[in-house]
Amino acid sequence: MSKILVTGAVGQIGTELVQALRKMYGRDSVIAAGHTAKPTKEFRDSGPFAYLNVADREQIAKIVVDNQIVTVYHMASILSAVGEMNPQLCYEVNTGGLYNVLEIARKHKLEGVIAASSIAAFGAGVPRDNVPNDAVLLPSTMYGVTKVCGELMGQYYFHKYGVDFRCVRLPGVVSTETMPGGGTTDYSVEMYYAAVQGRHYTCFVREDTVLPMMYIPDTVKALIDLACAQNSRLTRRVYNAHSMSFSAGDLAQSIRRVIPKFTCGYEPDYRQKIADSWPRSLDDSLARQDWGWKPMFGLSEMTEDMIEKLRRKLAK
Ligand SMILES: NC(=O)c1ccc[n+]([C@@H]2O[C@H](COP(=O)([O-])OP(=O)(O)OC[C@H]3O[C@@H](n4cnc5c(N)ncnc54)[C@H](O)[C@@H]3O)[C@@H](O)[C@H]2O)c1
């Protein structure tokens with residue numbers, strides 16, 4: 001039976017991606033690999049789990065060989081805000097980790113590597129709205145630099161060695177299961193938690209800061225849909241995927257429609273500069289055309305679903 005390895009499996013996206021893949025392919029077909037983040041008991045019990053540092057190529061090789069892995073969903077990463085605090089670690093994990101995965105894929109002739117890039121790959125020199133797929137990539141953060149490097153490495157391995165590398169440029173991801181891991185869009189998730197817990201929230205970006213965002217069911221769908229797409233239909237190895245764009249103030253307003261008492265203040269910190277360097281929206285027409293990308297959630301649908309799920313989760 002073909003097997004899948006998910007790196008960074010205990011992270012914000014990995015936790016929900018693993019569950020979706022296990023539903024599709026069976027619990028034992030998906031090896032969840034975590035690093036420093038501790039998996040919950042429920043997560044450990046949901047299927048096979050391994051500890052893996054993606055900076056260690058031998059460790060990846062051992063898991064791949066021992067488990068007859070054919071596809072890797074590579075989610076292990078240091079995110080933007082943490083990356084600006086520790087650019088050296090960000091470079092080693094993001095660039096070194098993907099390089100190791102690609103090398104293993106080449107050596108062991110894996111069927112595919114699915115990776116996540118980010119809106120952080122863009123920077124100066126592109127319009128901030130409706131940024132096209134093939135835009136100039138001049139990021140100003142180390143995180144963005146590693147994402148551009150990862151995209152280019154993946155494309156190189158595809159052209160040079162035929163490694164089937166596929167990658168989605170994701171916007172900020174909003175989810176209930178796992179807290180975000182130190183990115184610039186974390187305020188969106190934190191705002192929902194504060195509202196459901198009846199707390200005031202102080203947002204670390206300005207009220208008028210508009211960024212592209214995506215709800216986790218759509219994120220998981222984007223990664224799996226691209227992985228499952230017919231190779232002959234793909235005109236790119238890296239795709240923009242857009243879902244919705246809103247300001248921090250729009251988000252607070254959307255939450256207040258469900259929780260009228262919610263209050264939010266704004267005290268921008270160092271992350272404002274990062275947010276200001278990112279696009280407000282992406283042109284994802286190529287993803288729509290090549291592999292049928294279509295998100296399911298808009299802001300109001302996401303808010304209703306998030307609040308309902310968080311209420312249930314926090315009541316436990
Ligand atoms: N969450 C977002 O808003 C967002 C947006 C755009 C792109 N992405 C990308 O999606 C992917 C998944 O991100 P996420 O949000 O789940 O991040 P996350 O921080 O929640 O999870 C990443 C995981 O990687 C693990 N990790 C760190 N160093 C490691 C190492 N040396 N070896 C193995 N694992 C290591 C961490 O323990 C963590 O569990 C990343 O490539 C990220 O850049 C995320």
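Three strands form an open sheet in the order 7-9-11, with mixed pairing. Strand 7 (172-174) and strand 11 (244-247) are its edge strands, each pairing on one side only. From one strand to the next, the twist averages 50 degrees. Two strands pair if DSSP finds at least two bridges between them. Strands are DSSP runs of E, at least two residues long, and helices are runs of H or I, at least four, numbered from the N terminus.

Strand 9 (residues 210-215) pairs with strand 11 in the antiparallel sense, over four bridges. Pro212 has Ser245 in strand 11 as its bridge partner. Helix 7 (residues 186-196) packs on the sheet and touches strand 7 and strand 9 (contact: heavy atoms within 4.5 Å).

## About the model

This is a predicted model: local features need pLDDT of at least 70, side-chain atom pairs count only at pLDDT 80 or more, and totals for chains, interfaces and linings use all residues. Residues are numbered from 1 along each chain as its sequence is written, and side-chain values use heavy atoms, with hydrogens and water left out.

## Two helices side by side

The axes of helix 5 (residues 87-107) and helix 6 (142-161) come within 9 Å and cross at roughly 15 degrees. Helix 5 is therefore roughly parallel to helix 6 (angles under 35 degrees). Among the residues in this contact are Cys90 and Leu98 of helix 5, and Cys149 and Met153 of helix 6.

## A buried threonine

Thr141 sits in the loop between strand 5 (112-118) and helix 6. Thr141 counts as buried because its relative accessibility is 4% (buried: under 20% relative accessible area, 1.4 Å probe, protein chains only). Leaving aside residues up to four places away in sequence, Thr141 touches Glu84 and Ile274.

Methods:
Buried < 20%, exposed > 50% of the residue type's maximum accessible area, 1.4 Å probe, protein only. Axes fitted to C-alpha atoms, helices over the stretch in contact; angles between N-to-C directions. Parallel < 35°, antiparallel > 145°, perpendicular 65-115°, else oblique.
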